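Student: I have a model open and want to go through it with you. Can we start with the aromatic rings?

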Amino acid sequence: MNLPVWRIAADPAAQARALAAALAAVLAEAAGRHGEACLAVSGGRSPGPLFDVLHDAALPWARIRVVLVDERLAPEDSDERNEGLVRRRLLRGPAAAARFTPPLDAAGRPIRAPARIDALVLGMGADGHTASLFPDAPELAAALDPGRPPAYVFVTPPAAPWRRVTLNLAAILGADRLFVALSGGDKRAVLERALRAGRAGPPIGAVLAGAATPEIHWCP
């Protein structure tokens with residue numbers, strides 16, 4: 001396992017600024033090197049402050065593709081969908097010029113995972129799930145199989161609402177830079193236990209065990 005780099009912020013606003021700056025640097029460098037860049041973001045409630053800062057970054061947004069790490073299969077107009085959060089709070093201002101690609105096609109089938117992801121942002125639940133890789137989900141073993149090709153896959157959480165579509169472990173570990181954002185002492189304790197357990201622990205442990213120098217942004 002590669003040891004993660006910890007970035008500790010005083011509060012959520014400082015965390016959002018630090019993570020936005022780190023992402024902007026990665027995306028600017030990737031766009032300059034490749035002519036374009038790809039950012040994969042998670043949904044839920046916690047990324048909102050990050051998006052509120054990042055959308056104003058001085059980036060070549062027209063050359064940046066934004067994709068979702070995972071999505072809830074809720075009705076299109078539901079507030080539970082991650083796409084809605086991204087459109088409302090990230091794809092505005094300068095970032096409105098970015099190209100957004102949902103994880104499902106018009107027929108409801110998973111699209112191909114991006115061939116290259118320059119920066120990927122994960123959160124983590126209190127149960128150690130990340131993306132939509134939930135402990136005890138019937139599809140988890142296949143989704144965490146590092147031998148599978150990178151892909152979006154369907155996952156059925158045993159307790160959380162809505163079936164999900166998520167990048168599998170291979171796709172997540174294929175990202176050039178991996179960031180994990182979380183807050184609170186309880187979640188830090190879960191994450192530290194997962195780091196010790198590695199692949200034998202909850203899904204976040206399997207992700208971090210295979211990631212090359214992941215960067216963890218934490219605040220109290």
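Student: How many aromatic pairs does a search of the whole structure find?
Tutor: Zero aromatic pairs turn up in a search of the whole structure. To pair, rings of Phe, Tyr and Trp (its six-membered ring) need centres within 6.5 Å; planes under 30 degrees apart would be stacked, over 60 edge-to-face, and the rest tilted.

Student: What kind of model is this, and how are residues numbered?
Tutor: It is a predicted model: local features need pLDDT of at least 70, side-chain atom pairs count only at pLDDT 80 or more, and totals for chains, interfaces and linings use all residues. Residues are numbered from 1 along each chain as its sequence is written, and side-chain values use heavy atoms, with hydrogens and water left out.

Student: Back to the rings. Which residue lies over the face of W6?
Tutor: R188 does, at 4.5 Å from the ring centre. A charge sits over a ring if NZ of Lys or CZ of Arg is within 6 Å of the ring centre and within 35 degrees of the ring normal.

Student: And what lies over the face of W218?
Tutor: R188 again, at 4.8 Å from the ring centre.

Student: How many residues line the largest pocket, and which lie nearest its centre?
Tutor: The lining has 35 residues, and G43, S46, G123, M124 and K187 lie nearest the centre. A lining residue has an atom within 4 Å of a point.

Student: Which helices and strands supply at least two residues of that lining?
Tutor: Helix 1 (12–34), helix 2 (48–54), strand 4 (70–72), strand 6 (119–122) and strand 9 (177–183). Helix 1 gives the largest share, four residues. Helices (H or I, at least four residues) and strands (E, at least two) are DSSP runs, numbered from the N terminus.

Student: How does the lining divide into nonpolar, polar and charged?
Tutor: 18 nonpolar, 11 polar and six charged. Ala, Val, Leu, Ile, Met, Phe, Trp, Tyr, Cys and Pro count as nonpolar, Asp, Glu, Lys and Arg as charged, and the others, Gly among them, as polar.

Student: Now the backbone. What is phi for A131?
Tutor: About 50 degrees, a positive value although A131 is not a glycine. Most residues other than glycine have a negative phi.

Student: Where is A131, and is A131 buried or exposed?
Tutor: A131 sits in the loop between strand 6 and helix 4 (140–143). A131 is buried, because its relative accessible area is 10%. Buried means under 20%, exposed over 50% and partly exposed in between, with a 1.4 Å probe and protein chains only.

Student: What about T213?
Tutor: T213 has a positive phi too, near 50 degrees. T213 lies in the loop between helix 7 (203–210) and strand 10 (215–219). Its relative accessible area is 44%, so T213 is partly exposed.

Student: Next, polar contacts. What lies 3.3 Å from a polar atom of the T166 side chain?
Tutor: The backbone nitrogen of S132. T166 is in strand 8 (residues 164–167). T166 counts as buried because its relative accessibility is 0%.

Student: And which side chain does H217 meet in a polar contact?
Tutor: The side chain of E215, at 2.8 Å. A polar contact is a pair of N or O atoms within 3.5 Å; within protein, one must be able to donate a hydrogen and the other to accept it, and residues adjacent in sequence count only if both atoms are side-chain atoms. H217 is found in strand 10, and H217 is buried at 2% relative accessible area.

Student: Last topic, distances. How far apart are A20 and D77?
Tutor: They are 57 residues apart in sequence and 28 Å apart in space, C-alpha to C-alpha. A20 lies in helix 1 and is buried, with a relative accessible area of 6%. D77 is in the loop between strand 4 and helix 3 (82–89). D77 counts as exposed because its relative accessibility is 71%.

Student: How far is A209 from H55?
Tutor: A209 and H55 are 31 Å apart, C-alpha to C-alpha, and 154 residues apart in sequence. A209 is in helix 7 and counts as buried at 15% relative accessibility.

Definitions and conventions: On a 1 Å grid over the protein atoms alone, a cavity is a set of points where a 1.4 Å probe fits but cannot get out, and a pocket is an open set with protein on both sides within 12 Å along at least five of seven lines; lining residues have an atom within 4 Å of a point.
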